[in-house]
Amino acid sequence: MMFGGNSRYATQYFYSLYSDLPQPLRQAVLEPAIRILPEVGLVGKARRYMAHASMPMPARYDHYNLLQRLGPETVFTGEFLAGVSPAAPAAQVEQAYRASNADSLINRMLALDFKYTLADNDLPKVVRSSELAGVDVRFPLLHDEVVAFSARLAPGLKLRGPRLRYFFKKALRDFLPPEIIAKTKHGFGLPFGRWLHSHEPLRRLAFESLSDLKKRDIVRGEFIDQLTGAHVIQKERLETIEGVVPRPTDLPPGCHFAPRCQHRMPRCTTEEIPLYQLEGSVEVRCVLYDLAAAVAADHEGAALP
Ligand code: SF4
């Protein structure tokens with residue numbers, strides 16, 4: 001992370017190519033032009049790219065946050081939400097982003113990652129799990145001098161266009177073997193989602209813990225049921241689906257499958273369901289995939305600096 005090594009930095013660079021265009025060009029020319037074309041194939045992809053790129057930072061950077069994507073009212077009980085300020089986390093992220101005092105996109109993202117990804121997430125997870133395993137862990141790349149050096153490095157030496165860790169790779173070119181320099185980054189996340197499928201005691205522990213969580217009246221019981229349901233339908237194949245197939249001339253709002261779906265949630269019939277691009281040309285449009293993908297990303301996507 002310190003030297004610009006996370007793939008999300010390159011992703012945001014690609015979005016910035018569009019968001020940095022003059023606003024009149026985007027809003028008066030490009031967006032109306034693409035809206036008149038049917039949302040299929042490349043045009044569909046271009047529309048989704050433009051819609052995503054048009055989100056302001058740091059909201060765009062935080063877009064894949066599970067709570068943002070599902071909405072707090074989907075996850076938490078009304079009673080809990082009445083006692084907190086649901087908008088406060090986004091306001092804090094915004095404040096940290098602005099307070100970074102950095103001009104470049106990469107340094108602003110790094111400021112957020114220091115505070116949230118490292119301090120609140122990666123380091124507590126690694127330190128605590130290492131402690132539980134009796135392993136002493138150290139972070140040489142987070143030594144004060146290394147951090148200070150990284151902070152002084154010109155933004156273009158961290159992220160050069162979409163090229164990650166530009167300086168780091170150049171500096172160590174004659175020191176590390178070429179295959180190490182060329183290798184893509186590996187996260188350190190646990191494949192928890194896969195273990196849930198293959199290890200019954202772990203699944204029981206997780207599901208029982210989630211069941212206990214219901215009693216605390218913080219997370220909605222229906223949401224927990226959806227969460228475990230999303231896991232179960234990944235594992236089991238649906239044999240038959242009851243119900244009446246809607247007429248093409250009278251399709252229900254939101255997900256067209258909603259009237260027949262046993263996993264239907266309120267948002268299935270009130271929102272446009274996002275389209276997810278899987279490997280190859282496979283696409284899926286279902287909030288359960290949204291949920292399962294977000295949970296899997298949360299479990300498996302952790303990456304250390
Ligand atoms: S979006 Fe998914 S969960 Fe919701 S109704 Fe459609 S198929 Fe069911």
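Predicted model: local features only at pLDDT ≥ 70, side-chain atom pairs only at ≥ 80, totals over all residues.
Let's start with the overall picture. Of its 305 residues, 13% are buried. If you take the contacts between residues at least 6 apart in sequence, 58% of them join residues at least 24 apart.

Now for the inside. The largest nonpolar core has seven residues: Tyr 9, Tyr 61, Ile 106, Met 109, Leu 110, Leu 159 and Leu 164. Helix H8, which spans residues 105-132, is the top contributor to this core, with three residues. Tyr 9 is a handy place to look around from: leaving aside residues up to four places away in sequence, Tyr 9 touches Gly 4, Ile 106, Met 109, Leu 159 and Leu 164. Apart from this core there's another one, made of six residues, including Cys 255, Cys 268, Ile 273 and Val 287.

Back to H8, and to how it meets helix H7 (residues 88-99). The axes of H7 and H8 come within 8 Å and cross at roughly 125°. As for handedness, the H7 and H8 crossing is right-handed.

Which residues make the contact? On the H7 side they are Val 93, Ala 96 and Tyr 97, while H8 brings Arg 108, Ala 111, Leu 112 and Lys 115. Sorted by type, the residues of this H7 and H8 contact come out as five nonpolar and two charged, with no polar ones.

Conventions
Residues numbered from 1 in each chain as written. Core = buried A, V, L, I, M, F, W, Y, C linked by C-beta atoms within 7 Å. Buried ≥ 20, exposed ≤ 12 C-beta atoms within 10 Å, placed from the backbone. Helix = DSSP H or I, 4+ residues; strand = E, 2+ residues; numbered from the N terminus. Contact = placed C-beta atoms within 7 Å. Axes fitted to C-alpha atoms, helices over the stretch in contact; angles between N-to-C directions. Left-handed = near helix turned anticlockwise from the far one by under 90°. Nonpolar A, V, L, I, M, F, W, Y, C, P; charged D, E, K, R; others polar.
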